[in-house]
Amino acid sequence: MEINTDKITENYSERMSRIGLFSFLYGLQGKQQRDNDGRKIDFFGLGLLALLFFFENMLMRRNKVSVMDLAAFFSEKTGGQYNLTSEQYVKVAETVISTFRPTSGVRPEFSYFDWERGREETARYRILKRSSADLNINAQYYTLDEDGLALIFATKEYFNEFQISINQLLLRKQLEKGEFAGALRQIEEMHVEVLALKERILKIKQDVQRNIVSDETYNRYKTIAGDIGARLKRENLEFSELMAFVKELQARFGADVELLNEKDRQSYYLITKIDVELDKAHFEHKKLLDESFLLEKSALQAARESIYFAGVDAFNFNQEVSNMIFSLPIPAEDVRTLCEPFLGLRRMRDFNILRVFAEQRVETEREVNTDTFAEPISEKEYIGYLKASSIRFERFMGFVLSYMEGRVTIDLGEIVEKATVHNPEILEGRGFFDMFMVLHQKSPLLIGYDEDDKMAALFSGINKVLCEYESIMVTEKPDILEVNNIRVQNMLVSLRSKDGEGR
Amino acid sequence: MLIDDELVMKAFAIYSRLSAAGKCGAEDYRRYMSDDEIRNLIHNFAYVQECAVIAAGESLYLIPFAKNSIYHVSNEFIKTKYLPDKATNGDLYLMYAALIVLIGEFYDSDKSLEASRDFIRIEEWLDKLNDRLEALKAIGADKLKAYEIEYKYNWTTIIDKWDALNDISEKAKVQDARTKSRYAFLNSTKKFLLDMELLYEEGEELFLTEKTKVIVQKYFMEEEYNQGILDFIYSFKRKEGPGDAVHSKN
């Protein structure tokens, strides 16, 4: 039977991403630093220790872990093996942290060749992040981000995705065996995982709002949201069962705590704590279930919104909104009330970052103020100036051609009219009219045939646009046009095509 | 299709709050997300005023689009409040260039719309801006002038303004791109972006807000909106210098 090679490389990038997680530890391994006795420092191990340290702090709900804390931990754990001062330990801690969270802000990366998609890919990770419980500006606090957690869980036997379910399994086992201390720890790990899942869902939600641009992405998100929902439902059921089980265990100890011996009393207190903690975790988990429903819904909405945006150009306010409002059975006075507020709307002042791309008034040579006498410019500079004008003329002539709509004549008045509607920006400044003056001077102008270098430079743009024509003629008309405070003679533009048509 | 007037009024109430503050609260956000008709109405209102409504994080934002929108902060306002006395439009254009580069540093992957970094420090922003402007300068004044006209963008002025911020320090053995004036300029730009809720900072690290990320991912990369300027500014390799990291989108 044939092997389907495509199936082999399915989801290749996901697997590579998981492998890439470990690359940072191996990167640390490469560090050649030695302690004061010349002994090579095991940075690889320190990397793993650091992650475990952060993880333990997370379990203990301590989110404010600083470089100094990590350094102190290193010192305690490795002080017996290494000869390093506390300052040196701090440097070591900084090195480790900056591997997981580069100070530049660029996320740690792992590059590979994706044999499924057939191209280079770069996976980016979020291993450590700045802790949000941060009030002190002078010290930086860190905590594990989602990939850091994934790395921790990946060093256990099972996969991250089923963490909660597996925690639940283990919990049940431990409860049955009476290993209550272990059970409590299991719940704490579950709690961390629930929080991580919550953040992941939030991130997906944000991504969804930003990213839905195609059917494909929409379906992907819908699938993810659906999967999360299904899993959460199952886990929720399991939680309920576990709760019932714990209650049962509690009941077994009987009503009177006083009568228990020391060991049993300890167990009883542990069970009570387990009950409380499990309840908390279950509650958080239930909230997640609600979130996952919202996630599915917001995926749908975001998709619709993006489709809406795609169609917004075709929207006719008059037809769709005005008519609608006026066809409502509301009295005339209310309509007025409805419209009046539009005029006096309080307005915020905002800066749309897209403004950075807005067209700017470019200072041409003419507009620049000089306090010196005009110096004759060199030939080279002059040709440069002509070339710049040529680009402008090319653009203007392009518009003129479009306004002509296939005809061979048009007058300046009509051109200005059309430009005011379609491309008003070309009428700002004199450049547009200068073109006509030059053309009038040189009229009739043979396309593609230039007397000298200067003419070639100046008309190269126009020659390009009018390449299908033989010549262009610009003649005066009797009337005067007034445009933007410029008064100019009206002109007639005539094109003669190559096979002799046109006047 | 008839829509009842109470819905119209509710939508309008939300829109007027959006209009006044530029963003809305949780209650309005929830209503917008859950009610199709209200959402449509709000979009219609925004369309009339040449704005777009985007959802980012747990809030809505009103984003002005038209060139002369009544919702824009004026150039005068920006110059007066954030730039030194006697600032000209050229200084403003330099600010814009700095913002383009800032965003370019967060989204430097051709293959995905996801941000490639989480934050940037101001020193690195300065270095990257300098790289981009040096690369532009290197293509020569004539070509640059032609590009100015083509893109309708004052490249020469921007470069001149940046050069002018080059305090010569007598103590420095090697002329560093990071001069005090340039730091000051970027700090002013940073303050502006913080006030407009386009950035937030934690310690020395600058992060993009959700609002910015949504606008970037929805519009920034589209040529229709960026007029090819984004690609242009990144298309030139810098001349090799000490400790260079060449960033090229080509």
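Me: How many residues of chain B are in contact with chain A?

Reply: In this predicted model, 94 residues of chain B are in contact with 58 residues of chain A. Contact here requires heavy atoms within 4.5 Å.

Me: What area do chain B and chain A bury between them?

Reply: The two chains bury about 7400 Å² between them, and 58% of this lies on carbon and sulfur atoms. Tyr47(B), Ile149(B) and Lys152(B) supply 10% of the area that chain B buries against chain A, more than any other three residues. The size of an interface is often given as the accessible area lost when the parts come together.

Me: What makes the meeting of Asp350(A) and Lys211(B) a salt bridge?

Reply: The N to O separation between the side chains of Asp350(A) and Lys211(B) is 3.3 Å. The cut-off is 4 Å between a side-chain nitrogen of Lys or Arg and a carboxyl oxygen of Asp or Glu, so the pair qualifies as a salt bridge. Across the interface of chain B and chain A, the rule finds five salt bridges. It also finds 17 residue pairs in polar contact across this interface, both residues being at pLDDT 80 or more.

Me: Which helix gives the most to the side of chain B that touches chain A?

Reply: Helix α10 of chain B, residues 210-220, gives the most, with eleven residues. By class, the side of chain B that touches chain A has 53 nonpolar, 20 polar and 21 charged residues.

Me: How do you know that β4(B) and β5 of chain B are joined, and how do they run?

Reply: Four bridges join β4(B) to β5(B), residues 205-208, and the two strands run antiparallel. Pairing requires at least two bridges, so β4(B) and β5(B) count as paired. Within β5(B), Phe207(B) is the bridge partner of Tyr200(B), and Leu208(B) is that of Leu199(B). The two strands form a hairpin with two residues between them, and Gly203(B) in the turn has a positive phi of about 65°.

Me: Why do β3 and β4 of chain B stand at the edges?

Reply: The open sheet has three strands in the order β3-β5-β4 (chain B), with antiparallel pairing. β3 (120-121) and β4 (199-202) of chain B each have a single partner strand, so one side of each is left without a neighbour in the sheet. Helix α9 of chain B, residues 180-195, lies across β4 and β5 of chain B, running at about 110° to β4(B).

Me: Which strands stand at the edges of the sheet in chain A?

Reply: The open sheet of four strands in chain A has the order β6-β9-β8-β7, with antiparallel pairing. β6 (409-411) and β7 of chain A stand at its edges, because each has a single partner strand. Three bridges join β6(A) to β9(A), residues 486-497, and Thr409(A) stands opposite Ser494(A) in β9(A). Helix α15 of chain A, residues 412-422, lies across β6, β8 (469-483) and β9 of chain A, at about 75° to β6(A). α16(A) also packs on the sheet, touching β7, β8 and β9 of chain A, and its direction makes about 125° with that of β8(A).

Me: Why is the peptide bond from Ser443(A) to Pro444(A) called cis?

Reply: The bond from Ser443(A) to Pro444(A) has omega near -5° and is cis. Pro444(A) is found in the loop between α16 (431-442) and β7 (445-446) of chain A. Asn11(A) has a positive phi of about 55° although it is not a glycine. Asn11(A) lies in the loop between α1 (5-8) and α2 (12-21) of chain A. Most residues other than glycine have a negative phi, and most peptide bonds are trans.

Definitions and conventions: Residues are numbered from 1 along each chain as its sequence is written. Chains are lettered from A and ligands numbered from 1 in the order in which they are written. This is a predicted model: local features need pLDDT of at least 70, side-chain atom pairs count only at pLDDT 80 or more; totals for chains, interfaces and linings use all residues. Side-chain values use heavy atoms; hydrogens and water are left out. Axes are lines fitted to C-alpha atoms, for helices over the stretch in contact, and angles run from 0 to 180 degrees between N-to-C directions. Buried area is the accessible area (1.4 Å probe) that two parts lose on being put together, summed over both. A polar contact is a pair of N or O atoms within 3.5 Å; within protein, one must be able to donate a hydrogen and the other to accept it, and residues adjacent in sequence count only if both atoms are side-chain atoms. Ala, Val, Leu, Ile, Met, Phe, Trp, Tyr, Cys and Pro count as nonpolar, Asp, Glu, Lys and Arg as charged, and the others, Gly among them, as polar.
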